[in-house]
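Subject: Handover of a structure

Dear colleague,

Please find below the structure that I am passing on to you.

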Amino acid sequence: MCACLSEKGSLAQVKHVVLVLSGKGGVGKSTITTELALALVHAGKKVGILDVDLCGPSIPRMLSVGKPEVHQCDAGWVPVYADPQQKLAIMSIGFLLEDSDEAVIWRGPKKTALIGQFVSDVAWGELDILLVDTPPGTSDEHLAVLENLRKHRVDGAVLVTTPQAVSTGDVRREITFCKKTAVKILGIVENMSGFVCPHCSECSNVFSKGGGEELAKLTGSVFLGSVPLDPLLTATLEEGRDFLQAFPESSTYTAISQIVNTVLSSLDA
């Protein structure tokens with residue numbers, strides 16, 4: 001069914017809503033969001049990505065959708081599709097900026113208003129899972145997302161960290177935020193966990209290893225898995241290609257697939 005013909009209420013036909021959170025910037029949250037979405041599509045799911053990282057919208061580039069014109073229908077804004085089969089829908093502030101190099105210099109109320117529009121006025125149609133790529137930290141934007149989504153449902157959050165103590169310390173505060181706002185923690189992903197050599201495929205612990213798993217144990221959270229720093233993954237994201245389709249034999253593919261399977265099991269429980 002075309003999103004424009006679906007019933008009123010942008011999330012009325014969305015089965016599950018999952019937030020992707022991080023305590024700080026630069027941990028690869030948008031990378032994890034992109035790969036989760038692609039893995040879910042490969043698993044036969046219809047997926048949406050709501051990119052509310054207002055100051056750094058990376059999703060359009062990572063999925064090679066460029067800067068298409070956003071259309072409206074009776075039900076609201078029509079999302080942009082990353083594939084001909086229309087299995088992966090996207091809405092991002094990156095589509096609304098006239099210049100991709102333009103800085104978003106907005107005060108809180110304007111950001112909050114746009115997030116409200118993104119949550120309530122996008123005609124998603126039927127989706128199995130909507131992933132919400134949030135800004136880093138625990139700011140007004142997060143509260144605006146939650147306040148608007150609570151009218152519908154938030155199934156939980158996936159937290160992204162890197163192995164270092166500086167990152168896990170910030171994610172610990174994100175866990176506190178989730179508990180205070182009654183958001184279920186689906187689990188923690190340790191990103192950039194080792195470096196995969198592009199020549200021999202051996203994984204070296206450049207940034208240390210195990211910080212995310214240790215944090216999960218300390219906080220009683222589920223550890224979803226580790227994703228290494230893989231030059232092949234980096235290259236495909238830069239080029240807007242599907243890493244999972246291009247390198248199904250890689251250890252990074254296995255790691256991402258296992259994370260997705262665990263998240264799906266949690267949502268179906």
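Predicted model: local features only at pLDDT ≥ 70, side-chain atom pairs only at ≥ 80, totals over all residues.

Two strands are said to pair if DSSP finds at least two bridges between them.

Strand β8 covers residues 156–161. In this strand V158 stands opposite G187 in β9. Strand β9 comprises residues 185–196, and β8 pairs with it in the parallel sense over five bridges. β8 is also joined to β1, again by five bridges, and these two strands run parallel. Within that pairing, V18 stands opposite G156 in β8.

How many of the six residues of β8 are buried? Six of the six are, so the strand is largely enclosed by the rest of the structure. In a regular strand the side chains alternate between the two faces of the sheet. In β8, G156, V158 and V160 lie on one side, while A157, L159 and T161 lie on the other; as every one of these residues is buried, both faces are covered.

The next topic is an annotated site. The UniProt annotation "binding site", taken from an unreviewed entry, covers G23, K24, G25, G26, V27, G28, K29 and S30. Two of these residues are described here.

G28 is located in the loop between β1 (14–22) and α1 (29–42). Is this residue buried or exposed? Its relative accessibility is 14%, and because buried means under 20%, G28 counts as buried. Apart from neighbours within four places in sequence, G28 is in contact with V160, N191 and M192.

K29 is placed in helix α1. Its relative accessibility is 6%, so K29 likewise counts as buried. Which residues does K29 touch, not counting those up to four places away in sequence? They are V20, L21, S22, D53, D133, T134, P135, P136 and V160.

Finally, a residue elsewhere in the chain may be of interest to you. W124 lies in the loop between α3 (108–120) and β7 (127–133). With a relative accessibility of 1%, W124 counts as buried. Between W124 and A43 there are 81 residues in sequence, and the distance in space is 19 Å, C-alpha to C-alpha.

Yours sincerely,
A colleague

Terms used: Residues numbered from 1 in each chain as written. Heavy atoms only, no water. UniProt positions renumbered as here; feature names shortened; annotations may be inferred. Helix = DSSP H or I, 4+ residues; strand = E, 2+ residues; numbered from the N terminus. Buried < 20%, exposed > 50% of the residue type's maximum accessible area, 1.4 Å probe, protein only. Contact = heavy atoms within 4.5 Å.
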